Amino acid sequence: MKHPLFRFLARRLAVSVLLAVGVTLITFTLTNLVPGDPAAANLGQQALGNPAIVKQFREQNGLDKPLPVQYVTYLGHLVQGDLGESQQSHRPVDADLAEFVPATFELAGAALVLSLVVGVAFGVIAALRRDRLVDQFLRVTSLAGVSVPTFWLALLAFYFVFYRLRLAPGSGRLAPTMTPPPHVTGLYTVDAAMAGQWDVFAGAVGHLALPALVLAAYTIGLLTRFTRSAVLEVLGQDYVRAARAKGLPGRVVLLQYVLRAALVPIITVAGLAFGSLLSGTVLVESIFAWPGIGQYAYKSATNLDLPAVMGVGLVVGAIYVVVNLIVDVLYGVIDPRVRSTT
Amino acid sequence: MPSLRSVPRRAILPVLVASAISLTACSGSGSSSSSSASGGKSLVIDTSFNLKTADPGRMYEQTGLLVDRALYDTLLTFAGSDVGKPVPALAESYELSKDGKTMTLKLRKGATFSDGSPVTADDVVFSLNRVRDLKGNPSFLLDGVTVKKVDDTTIELVSPKPNPALPFILPNPALGIVNSKVLQAHGGTQGADDKAESFLNGQSAGSGPYVLESFNASTQVVLKANDKYWGQTKPTYGRVVIRNVQAPTQKLNVQRGDSQIALDLSADQAQGVGGGLQVAKGASANVFFLLANHSAAVSKTTSNPKFVEAVRKGIDYPGLLQLAGEGSVQAAGIVPSMINGALPADQAPKRDVAGAKAALAASGIPNPKVKLEFPSDYTLNGLSFQPLAERVQANLKEVGITVDLAPAPIATALQNYRDGKEEMGLWWWSPDYPDASDYLAFLPGKLIGLRAGWKKGDAAALESAGDKAAQTIGDGRTQQYQQIQTQLNAAGPITPLLQPSQHVVTAGTVTGLALNPVWTIDIAALGSK
Amino acid sequence: MIRRLPEAWRRPLAVTGLVVTAAWLIVVVAAPLLAPYDPLAQKFPRLRPPGGEHWFGTDDLGRDVLSRVLYGARLSIPLTLLLVALSVVIGGLLGACAGYFGRWVDETIMRVADLVFAFPTVILAMAVAASLGASLRNAVLAVLVVSWPAYARVTRGLVLGLRTREFVLSGRLLGFSVWRSLRTDVVPNVAGPVLVLATLDIGTQLLLLSGLSFLGLGAKPPTAEWGAMVASATQVFDKWWVGVFPGLAILTVVLAFNFLGDTLRDALDPRTARAIKERAL
């Protein structure tokens, strides 16, 4: 007899594969709807005036075939793990992605950690001081966090913190005079720590701090609000009251019961928040000259670099699918009712 | 739950404080650690990338020209800012035949590639043939030119028609000489089946003062000094990092000392940099122009010559120069001021609102409404197209013309432009080579003329004047080009607007900087004090 | 459903939110009277810092920033309200159908919603806006594409919950038509939560819409639009006033609506409030 969780997982997995195909179809359709000609974007002005060169460009990139053929061809290559070659960088798209995805991952990951630490702390404080001044203050702060336009905050942070106050180091991932650490994960902080290059580690963290903080503003607000209500709910439950009645000291009650109970829904929300962090990178990366997929996506999209755009779409879609899957599994593990209704 | 509430304040606040402290500590240590990593002086150049490849045979973008100028030597070159006279490089001398069809070059002895092997006549033939036959962006530079090795030190370039521009074309970094043996070992050929591009994006194979350490078309390019450089003067900087940074950030970086050169600042951005920094400025060779489609099939409005006259008289040129900032100049004709054959500044179009209104009335078009397309995501010398377009819109509104702005990403905008479907457009032209013949593209039936809906035969006299100028050598050449531009200004669909200013901000220690219209700056010529 | 409403209004956040919203709505109506200059007139010295004649300074084309910020409200606020109204109607209808009819209707609608959720909102909206061509109308359409599923999910959940409740079931047993039971039993019970969600959503949509304009995919120049104004400020970085004020305008409007929405949600019963919070992430 199959375990219900297994069946639940299998079903979700099948849906995920369908979603992934849907993602490629949508990305492909949208990119081809964009008015414009990849040849115009990738050839020089003089070369563009030469039909022979334009024809060669189209043939090389398979643009001379009808769209459905192009799509099927793409899927065929995709099944073999071939994402094609970027028309701009003239490199395989997976090589490009291998370079840019870790940068974004590092930024979004740092922002997520920051949001979890700050957001959960704020949320717990607010819940415990419910309706007091601190709670009101944190409420306004968290609302401000979800209300501030990320692109504007990035600009402000860059102008004031970087330019006027000179608190943050320069743009990019590392000072240009520093050599990146040996590539293992692609995350500079992790790689530098693994190689024991502590000056590089410090440099990478320093470069990471400001953009991560800007990016985290929204998710900090989100997590503060969610944690607050999650903790309030736990605090109101019978077993917490019972534990207190048994005479356990307040601190132990808090850490053992309240946080543990509140943590799972919080992590679930954090998983979902990762998505909004990925969205945010599109706006933040350009201002901080962060070489991540946000910039890569924007540049590829405006240059109609179809293989690159498809690659980005797939990666982002895959991350979403995986995150959603994890979230659903967590729900399924915690709350068996979900298995039957989802 | 009063007792519960009192506990966590102590438990949690220290965590927060600690994390805040670690943040500031990290950012503090990051900024102080920008010391040189490898031996020799290192140099950081910030520029807004327009870069696709480092392969000279395929490269034709602004940043690629900057990079390849340092990696590959060409047969001839320009000294500093002076593009009026090609000077020897890998060729020690050259001669152009009287009919202008044959160019003979004598190769220099003793030049070597970065792997130590000598630069030979075979390498030259291979390199130039490769560029011509790749069907790449720079192929047009050598259209129809035959490359012949006469002997081990003599090269002959033969053109089907008189080609007086050739000495001005050869300095283009796209025509850099590559090591043919190395290239052939890595898939290099002299034709469209060449596969050497990815190799050349990993390392260079030239004889220039620098070699390629790493290349990334969207983030940064790192050059290091060529240990085996054959030239007399070795480059000052051992390692050069060229980073992709948007113009506003370039300014901040150079002010903070994170970089030594900010390459493409607009005049606004370069204002008040202060702090021991140097500003090199001059008019750029790029020309912004306004296109009004000549084809009645595209637009009944812009194909009316009186309408175009109204536009030309309606624009407030000094006002546009204010937007472009100090150092920018009005483009008198389509040929920029630093190239022989440019129109004198006093012959530039002038604003005449009354004349514009009269012309508009004479056009017989009541309340004309036109669509102006321009690239929204492109900057040239730090200047974006949008403010210029908005100002043109305001200017023409005063005359009585309603302009509907249609910005689009450059890929989209370029397509309409190339297909000749734009009613009006705001575009630019950068010289392919510093010779007035490059600007014949603006005549009817030619590259830009066609984009403006100006077909062959639409202005027969002008076209034959162009054909004549293209083949004229020596005397009278300048006058011919000036006359062509006067006619273009009087009746053409193109209105030249301005040459933006080029501002390069450098740290006080950088010396020897000269602005060059083709490759912006020669990195190897930079010194230090 | 909405309990404790009177006391909710005594809260300072609600009052602040209400006052700021009211102030901005006045600006929307009276911008031409309040603005000192024509927002499009390029007749002043360029890049003047804030001062006596130009409280918010002038921009890179010599236009009065204050006038542009005030006129910007006229564009962004009504458009966002319209946008949210459209999302509510479209998402609400689809969600109600999914919840009420179940089976393949539910499956189809919710899988499409899943597909939309499988993309980061900004990136999908960006892609849609880019493929439709940059204009304000297309930006609104793009935001609409990503915003309806949230309402569909919430409405579906609420309708699912209601469908099995006795008063709805008895209505069906009495022979009421599907539409009648939707209209008389379901809609009134769903309206409250959806309204709260919509209030909270106004801020989100305004952020998204101005974000698209910031990326050059929204309002066309020379229209005074806040996101586009911040975008032009990135070119003249150290002239802070060009970008700070339009950004502040976005922040205050979004914050005010969020204050209102937050208060309204507190006034709802906690279970529904939690459903909204979880679904609306």
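Okay, let's start with chain B: it has 529 residues, and 58% of them count as buried. Before I go on, keep in mind that this is a predicted model.

So what is chain B built from? It has 17 helices and 23 strands. Its radius of gyration comes out at 26 Å, close to the 24 Å from the globule rule for 529 residues, so chain B is as compact as a globular protein of that length.

Chain A has 15 helices and zero strands. Here the principal-axis spans of the C-alpha trace are about 85 × 65 × 40 Å. Chain A has 342 residues, of which 54% are buried. Taking contacts in chain A between residues at least 6 apart, 71% join residues at least 24 apart.

After H5(A) comes A:Gly81, with a positive phi near 80°.

Back to chain B, and a sheet I'd like you to find. It's an open sheet of six strands, with mixed pairing, in the order E14-E20-E13-E19-E15-E18 of chain B. Which strands sit at the edges? E14 and E18 of chain B do; each has a single partner strand, so one side of each has no neighbour in the sheet. Zoom in on the E14 end: E14(B) and E20(B) run antiparallel and are joined by two bridges. For B:Val329, the bridge partner in E20(B) is B:Gln499.

Next, helix H11 of chain B, residues 317-324. Which of its residues are buried? B:Tyr317, B:Leu320, B:Leu321, B:Leu323 and B:Ala324. Look down the axis of H11(B) and those buried residues fall within an arc of 155°, so they line one face of the helix. The cover over them includes helix H9 (267-270), E14 and E20 from the sheet, strand E17 (383-384), H13 and strand E21 (501-506), again in chain B. Following H11(B) is B:Gly325, with a positive phi near 90°.

The peptide bond from C:Pro221 to C:Pro222 is cis, with omega near 5°. Where is C:Pro222? In the loop between helix H8 (178-214) and helix H9 (226-233) of chain C.

B:Lys135 isn't a glycine, yet its phi is positive, near 55°. B:Lys135 sits in the loop between helix H4 (121-133) and strand E6 (146-151) of chain B. Buried or exposed? Buried: B:Lys135 has 20 other C-beta atoms within 10 Å, and 20 is the cut-off for buried. B:Asn381 is another non-glycine with a positive phi, about 50°. You'll find B:Asn381 in the loop between strand E16 (379-380) and E17 of chain B. B:Asn381 is buried as well, with 29 other C-beta atoms within 10 Å.

Last stop, B:Ser159, in the loop between strand E7 (154-158) and helix H5 (166-169) of chain B. With 20 C-beta neighbours inside 10 Å, B:Ser159 counts as buried. What does B:Ser159 contact, leaving aside neighbours within four places in sequence? B:Lys101, B:Gly144, B:Val145 and B:Leu166. And the C-alpha atoms of B:Ser159 and B:Thr102 are separated by 6.4 Å, although the two residues are 57 apart along the chain.

That's my tour, thanks.

Key:
Residues numbered from 1 in each chain as written. Chains lettered and ligands numbered in written order. Predicted model: local features only at pLDDT ≥ 70, side-chain atom pairs only at ≥ 80, totals over all residues. Helix = DSSP H or I, 4+ residues; strand = E, 2+ residues; numbered from the N terminus. Rg over C-alpha atoms; globule rule 2.2 N^0.38 Å. Buried ≥ 20, exposed ≤ 12 C-beta atoms within 10 Å, placed from the backbone. Contact = placed C-beta atoms within 7 Å. Arc of directions from axis to C-beta. Pairing = 2+ DSSP bridges.
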